[in-house]
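Trainee: I would like to learn how to read local features in a model like this one. Could we go through them one at a time?

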Amino acid sequence: MSTAGLGAPVASRSPADGLAPRSTRVEPLAAAAWLWALPCIAVVALLAAVFGPVLGDLLAADPADYTFFPQFAVAVHPESAEHARYLIALSLPLLISVATVATSRRPFPLAPDTSALAVLGAQLLLVGTLIACYVAQEQRIYGEIYTRGQGEPLFQQRYFTPETLLAAALLAALALAVLHVRRLRELAARLLRETRPRRVLALLAAIAATVVWLLHAVQTDASLTAGAATFRWHMGFTMDETFAVLNGLAPLVDFSSQYGSLWPYVVALPMLAFGKTALVFSLAMCTLTGLALLSIFGVLRRVAGSSLAGLLLFLPFLATSLFMITGTLVERASVGTFYGTFPLRYALPYALAFLTARHIQRGGRPAGVALLFLVGGLAALNNGDFGFAAVGATAAALVWSAAGTRGDVPRLVGAALGGLVGAFALVSLLTLAVAGELPHLGRLVDYARLFTSAGFGMMPVPGLLGLHLAVYLTYVAAIVVATVRALRRSPDRLLTGMLAWAGVFGLGSGTYYIARSHPDTLKHVLSAWTLALALLLVAAAREQLRRPRRWPSIPAAVVCFGFGLAACSLAQTPAPWSQLDRLNGPFQIKEELISPRPLVPSRNPAVRRFVSSVADGPGRFVVRRGMPVAILLPTGHRVADAYGVRNVSEYTGIDSVPTVQRTERVLDALRAAGGNTVILPNPVDSGIFRVLERRGFRLVTHRGLRRYDPSVDHSDAVMPRWPYNYVIKWVDTRHLHAEALR
């Protein structure tokens, strides 16, 4: 039996094939899914409208737990009702799937011709909805809530140009022609047939393409001056999480990581071995990102049944995963340069996707489930946003692919629980070794509660229609297609399981955009969307190969067009030589930069002494290695590591301390460590000064320690300028003699 280039037997037939009436091109199970879609959408929409506000009240944080400083209060927009409605919307694919399962046991009460006409209407309605999404996206204007007072008050975001749409349509037409025309199909089958040389060639090509695409994300301390300011700002946060570990803190114990709680432990190792520089850090980040992306190549190669076909699917996925956000093709900020997304959020989930695909392909033995959920548990403990979504996706993949037999269910559940417990045990051993304490799980959701529950930095979804709705419908489609395939017992369980994985992971990780619905944030979830599109493309190709004489269906054309859009992202491929020139380029003077190495602590002895010295009396400051200091600078833990002191702040920079309660926790940690000195950036009162005053802290000036008075000019405060900003110092006058000096 020959293959069709995507690993599908040309002549294979599903048991349901014979049940399909001649008057319809959609088999009964697929028709049932289409027919149930509209009623289920109506039900979910009604539930969201009625119960969204009620459930939102349960999700909202107690305002007494979050007292925001005035400077940050303008960015507080609680959206508990919107978040609740999205949680309700997550039930849509499950509801359609349950209805389809029920229909599989009892025929749908419609005549075949009526059913065919209704299915066609539903499909045309889908096409119309997607067109409306594009038009709405093109016409949408984002207002002040999306700019936070920075830049222009109004702006637009177009993800795909008319030229991109035309190119995507041509690519879709080519793909459909290959699937429909016999000679083209046979030619493709010959070209994509799996052989050992082609497998090696495809792997090398995937590695080379990944390296080329990641060159733009490699940075040195000097090259940061040429890039976008937003990239420098974000890199300060992600890099400081690793420097917190190097500085003696332990994520999940006495430090709250915003992006990844476990990866900083790993990245700290090469920085200890090769140097604590931006180059080493960015190379470590890019290596993890590359491995994560290549994990998906492994998934696509297995699903397609051909390494070359997997490569053709992987390249658009790679380009869209690292979608450009701003800048030029040379000096760009992208999803790849924002390390908080790649690799800190995506790496472990994508590794889990690879392991899940391999597990299903090998027969789904219960013994392998423990490993899956061990990795899944680590992903959840590293980052809850994407980690829990990955765990749910793996569970769905096992259920939809029917990995194992019914008699194995207790063993499967036991193995899954054992894997999760094992993950917690491993992390516990790590934190015990580093900090002498078990992990505090509250640290895992510290930022999540600040953002989602309290509403800090949140932005509303800009209307129902837009690219975000198209992304959501893609995930729904992936789960429903997996359900139909599972019900008709399609022979390729791997594709069925991974469709379920991509759909569940996409919906779960989509909460990242729903929470902060900035148009740039949507680019960060396009990677999961493209993975779902790639798998749907394989499923559509398999369906066409089952009935090669029929014209491709409307859903197949839609999927081909969507993946064609992703393929157009390849136009953003960075030229390797231009990236090497960028890394070797000279310092570019910009208004906000005063140093060729903007994130490197100053080597000026006066600045060094000022930052690292602690009070040992009203007028005496001493420097001693390892002294506890609270440094609330964007790279405060890197500063502490460079200056030989210990930054006890459990957060990165003052922007991560927007509330009175978080400030109090930092000051409590400082006092518990025996310190009495706080370093703050730029003497602009965000409200934190009043907290310091109430706790007995005084501002260090040339005339000694003074109370802060907003009506008085405090230009005499000691404010040495180091490469990133001005800094000022506050001292706890209730503990002028630091206990750590005794």
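Trainee: Where is the place of Pro-343?

Mentor: Pro-343 is placed in the loop between S2 and H13, where helices (H or I, at least four residues) and strands (E, at least two) are DSSP runs, numbered from the N terminus. A cis peptide bond joins Phe-342 to Pro-343, with omega at about 10°. Before we go on, note that this is a predicted model, in which local features need pLDDT of at least 70 and side-chain atom pairs count only at pLDDT 80 or more, while totals for chains, interfaces and linings use all residues. Residues are numbered from 1 along each chain as its sequence is written, and side-chain values use heavy atoms, with hydrogens and water left out.

Trainee: How many aromatic pairs does the count come to?

Mentor: A pair of aromatic rings is described by the distance of the centres and the angle of the planes. Rings of Phe, Tyr and Trp (its six-membered ring) pair if their centres lie within 6.5 Å, and planes under 30 degrees apart count as stacked, over 60 as edge-to-face and the rest as tilted. By this rule the count is 26 aromatic pairs. One of them is edge-to-face and is formed by Phe-297 and Phe-314, at 5.6 Å centre to centre and with 70° between the planes. This pair links distant parts of the chain, given that Phe-297 belongs to helix H11 (residues 278–304) and Phe-314 to helix H12 (residues 307–321), 17 residues apart.

Trainee: Is Phe-314 buried or exposed?

Mentor: Buried means under 20% relative accessible area and exposed over 50%, with partly exposed in between (1.4 Å probe, protein chains only). Phe-314 is buried because its relative accessible area is 0%, and Phe-297 counts as buried at 3% relative accessibility. A further pair is that of Tyr-346 and Phe-386, whose ring centres are 5.0 Å apart and whose planes are at 80°, so the pair is edge-to-face. Tyr-346 lies in the loop between strand S2 (332–334) and helix H13 (347–361), and Phe-386 lies in helix H15 (residues 384–400), so the pair ties together parts that are 40 residues apart in sequence. Both Tyr-346 and Phe-386 are buried. Ring pairs also link a cluster whose members include Phe-297, Phe-314, Phe-342, Tyr-346, Phe-386 and Trp-501.

Trainee: Which charged end sits over the ring of Phe-610?

Mentor: A charge sits over a ring if NZ of Lys or CZ of Arg is within 6 Å of the ring centre and within 35 degrees of the ring normal. In this model the charged end of Lys-729 sits over the ring of Phe-610, 4.6 Å from its centre. Arg-662 lies over the face of Tyr-447, at 4.5 Å from the ring centre.

Trainee: Which residues of helix H24 (residues 576–583) are buried?

Mentor: In H24 the buried residues are Ser-578, Gln-579 and Arg-582. They cover an arc of only 100° around the axis, which puts them on the same side of H24; the arc is that of the directions from the helix axis to the C-beta atoms. The face turned away from the buried side of H24 carries the exposed residues Trp-577 and Asp-581.

Trainee: What is phi of Leu-252?

Mentor: Phi of Leu-252 is near 80°, a positive value in a residue other than glycine. Leu-252 has its place in the loop between helix H9 (229–246) and helix H10 (263–274), and Leu-252 is buried, with a relative accessible area of 1%. Arg-489 also has a positive phi, near 55°, and its place is in the loop between helix H18 (467–487) and helix H19 (493–509). Arg-489, however, counts as exposed because its relative accessibility is 68%.

Trainee: Which residues line the largest cavity?

Mentor: The lining consists of Arg-671, Gly-674, Gly-675, Asp-732, His-735, His-737, Ala-738 and Glu-739.

Definitions and conventions. 1 Å grid on protein atoms, 1.4 Å probe; cavity = no way out; pocket = protein on both sides within 12 Å on 5 of 7 lines; lining within 4 Å.
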